[in-house]
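Take a look at the chain below. We will start with some loops and then move on to a sheet.

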Amino acid sequence: MKKDVLILCQYFYPEYVSSATLPTEMAEDLVENGLSVDVLCGYPSEYSTDKDLPKKQKYKNINIRRVKYIQLNKKRTLSRLINYFSFIFSMLLRWPRMMNYKCIIVYSNPPLLPIIPAILSAIFRKKFIFVSYDIYPDLAVLMDTIKKGNMIYKLMSFTNKLVYKHASKVIALGEEMKTYMLDNKFTTVEEKIMVIPNWYDGTKIQQVSSNTKMNPIEDNKFRVLYSGNMGTCQDMDTIMKCIYIMNDNRNVQFILTGHGNKVNEIKQYIDANNLLNVKMYGFLVGDEYLKMLESADCYLVSLERGVEGMSVPSKTYSYLAAGRPLLSIMSSDTDISKQLNTNNAGYSFNQGDARGLANKIEFLSNNLEVCEYMGLNARKIFDENYERKISTGKYFDVIRSLIT
């Protein structure tokens with residue numbers, strides 16, 4: 001007898017990046033709702049503290065199979081390509097096992113992985129759900145990671161056509177992403193696309209008021225936190241210029257935590273401009289992340305110009321859950337900015353508006369009661385839209401409609 005669901009992904013438990021925790025939490029909730037769930041994923045390397053995991057493991061009634069693949073140093077382009085295609089090839093070899101499931105869930109990262117269930121669907125009518133975390137190859141071209149027309153671009157474009165044609169359902173993370181898919185004719189069947197945002201587990205957060213919060217940094221500072229990826233898709237330039245503008249304000253402290261290809265550039269900018277109002281930390285997880293999250297007075301989230309519709313920053317949901325004002329640097333047409341503005345839970349800024357950002361941070365630092373009010377509104381947005389059970393429940397409904 002066929003099992004209900006197979007999840008195909010590169011990262012999974014016990015890895016700590018969001019592209020691992022989100023599939024893990026979804027699998028847990030699907031099992032809790034009565035579905036049988038197995039996972040086929042990559043063998044952990046850089047995002048796990050445990051380096052000696054078994055290839056097969058049962059975790060909360062989820063059967064995990066990990067495939068080993070070449071994992072060279074990612075600093076060189078050739079090494080990254082070798083790693084990438086090695087993983088895809090290792091997963092492809094397991095295609096017969098994929099036939100033992102009623103439905104497959106596959107993610108857009110890495111971009112070529114979805115071609116496997118798409119081929120199985122084209123040949124055997126295998127049902128699969130495609131979850132679009134990012135839209136490729138468009139995002140890669142915009143960020144100048146690949147060149148339009150080269151071999152990788154053509155391969156990603158071919159994968160897209162096959163995936164969007166044969167997917168039983170396509171999951172977009174926001175309305176702007178769904179609009180982008182339709183406007184660019186990834187599919188002409190609007191009913192195929194369903195908007196299910198990513199989420200955060202609100203039980204991890206204990207709301208702490210601005211006056212009683214934990215304080216791991218310095219006393220009597222208004223703290224502005226940016227956490228997560230500082231990479232190609234994030235507008236860090238506006239944030240750094242804002243920090244520069246506010247360098248003489250001794251009441252405000254910026255905290256940057258995370259990783260990404262812009263980290264070294266940011267460190268150089270801080271040193272070159274003698275910025276004294278900012279502290280940098282590495283990628284924080286678990287209690288360390290929660291402690292940092294709860295110590296802040298407001299949060300920053302950003303996207304580079306043009307990325308809106310192709311990617312949605314998942315850090316937003318933990319911010320909202322923590323109940324603090326959000327300052328979004330992205331188009332006012334995004335779901336995030338619309339919700340902040342409509343619900344008075346923060347402010348949105350266009351990319352490049354460092355002065356406007358600095359002015360609002362200074363205003364909030366002098367009006368903690370406004371922070372408190374906006375924070376309550378932020379938590380309300382979270383409770384109504386982005387609590388874990390809401391989104392995973394939508395996945396359960398989609399899967400059940402396909403397999404029954």
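Asp-144 sits in the loop between α5 (138–142) and α6 (151–166). Helices here are DSSP runs of H or I with at least four residues, strands are runs of E with at least two, and both are numbered from the N terminus. Phi of Asp-144 is positive, near 65 degrees, in a residue other than glycine. This is a predicted model: local features need pLDDT of at least 70, side-chain atom pairs count only at pLDDT 80 or more, and totals for chains, interfaces and linings use all residues. Residues are numbered from 1 along each chain as its sequence is written, and side-chain values use heavy atoms, without hydrogens and water.

Now find Arg-125, in the loop between α4 and β6. Arg-125 is not a glycine, yet its phi is positive, about 60 degrees. Arg-125 counts as exposed because its relative accessibility is 76%; exposed means over 50% relative accessible area with a 1.4 Å probe, protein chains only.

Next come cis peptide bonds. One runs from Asn-109 to Pro-110, with omega near 0 degrees. Pro-110 lies in the loop between β5 and α4. Another joins Tyr-136 and Pro-137. Pro-137 is in the loop between β6 and α5.

Turn to the open sheet. Its six strands follow the order β11-β10-β9-β12-β13-β14, with parallel pairing. Strands pair if DSSP finds at least two bridges between them. β11 and β14 stand at the edges with a single partner strand each, so one side of each lacks a neighbour in the sheet. Inspect β9 and β12: two bridges join these parallel strands. Here Leu-225 stands opposite Tyr-299 in β12.

Definitions and conventions:
Buried means under 20% relative accessible area, exposed over 50%, partly exposed in between (1.4 Å probe, protein chains only).
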